[in-house]
Amino acid sequence: MFGKLFGRDAERPEADQHALPVPRRQKNGTYPLRALGDTRVLALVEAADAGDWEAVKAALAPFDLGSDHAVLGELADLDGVQDWIGRAVEEDKEHRATALLISGTRHISWGWEARTSARAVDVTREQWRIFHERLEIAEDQLLEAAELRPDWITPWRRLLTSGRGMSLGPAVNETRRDAALRRDPLDLDTHIEWVSQLQPRWGGEPGQALTFAREAFAGAPDGHRLGCVVAMAHIEEWVESDNRDCLQDPRIRTELREAAERSVLHHSYERRPGWQGDYNIFAMALSLAGSSKASNVFRELDGVFTEWPWTFMADPQKAYARFRKAF
């Protein structure tokens, strides 16, 4: 089982030693991914949940927070981090950049929690005030973190999200996108964030995101996770469309199958902590397209569910289970 979680075969024994035990499955045979399925990430999350900055720094040792979006995301989504991280920013001069990065990223998630996922017209004036207040803090902290550590990509990718939320406009957000991609031209998280920004609901034009995704993946080597950007672009097309069967097209099925085979299903694909998130993106896209290749992806996942991108559906985990059973 551990081999399935972090490697396809015995060629990746070093990954297995950090795999979390498989929890009890729900009746539908699924279970949510916890702490990226990694014991080291769990130690980090537990330290942050306890507000223990020294333990957080120790737990961060195996990771590069300046490039590891998934690990940073675990801290960003953890309620309570905002209550103590400010002290670390002010008091720990040596690790100020790391504290700023964590605090700024948390403030973006915290801001969106205040705004909620409601339509803009349904968000109250007070919710908007809190949302912008928290994003302004995030902007200042992430920009300082980027200045202190010019090699880091994660501040720029997160600044794309805050820039979208604050409606800073195309010029600012394109500059931030370019700053991120100069540091890593194949960074998946930056590409997925830009796919979101190109959607009509954020001012983009129909088809823009898919063109961007295709061009990006075309330049990636076989086995690279950037193939997920093509799958995500199709999911976003589905979200924008009034036709729930809009991906049921032979050409789309072929494109998604080929993207999966050249990325997550390729023998060169690297299964890092949180790799199940990549597979969940393809599981949803292939399922919506009605592709039999979804069965290959679900088989590798073995019931592991991640909230993203199923959050676009009313009951994410039930939707995952339903499609998994269908394929």
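## Packing of α7 and α9

Helix α7 (residues 96–115) packs with α9 at an angle of about 25°, and their axes lie 10 Å apart. Axes here are lines fitted to C-alpha atoms, for helices over the stretch in contact, with angles from 0 to 180 degrees between N-to-C directions. Because angles under 35 degrees count as roughly parallel, α7 is roughly parallel to α9. On the side of α7, the contact (heavy atoms within 4.5 Å) is made by Leu 101, Thr 105, Ile 108 and Trp 112; α9 contributes Thr 154, Pro 155, Arg 158, Thr 161, Ser 162, Arg 164 and Gly 165.

## Basis of the model

The model is predicted: local features need pLDDT of at least 70, side-chain atom pairs count only at pLDDT 80 or more, and totals for chains, interfaces and linings use all residues. Residues are numbered from 1 along each chain as its sequence is written, and side-chain values use heavy atoms, with hydrogens and water left out.

## Arg 157

Arg 157 is in helix α9 and is buried, with a relative accessible area of 12%; buried means under 20% relative accessible area (1.4 Å probe, protein chains only). Leaving aside neighbours within four places in sequence, Arg 157 is in contact with His 69, Ala 180, Asp 189, Thr 190 and Glu 193.

## Helix α11

Helix α11 (residues 188–197) has nine of its ten residues buried, so it is largely enclosed by the rest of the structure. Helices are DSSP runs (H or I, at least four residues), numbered from the N terminus. Thr 190 and Glu 193 are among the buried residues of α11, as are His 191 and Trp 194. The cover over these buried residues includes α9 (154–165), α10 (170–183), α12 (208–218), α13 (228–240) and α15 (275–289).

Technical notes:
Buried means under 20% relative accessible area, exposed over 50%, partly exposed in between (1.4 Å probe, protein chains only). Helices (H or I, at least four residues) and strands (E, at least two) are DSSP runs, numbered from the N terminus. Angles under 35 degrees count as roughly parallel, over 145 as roughly antiparallel, 65 to 115 as roughly perpendicular and the rest as oblique.
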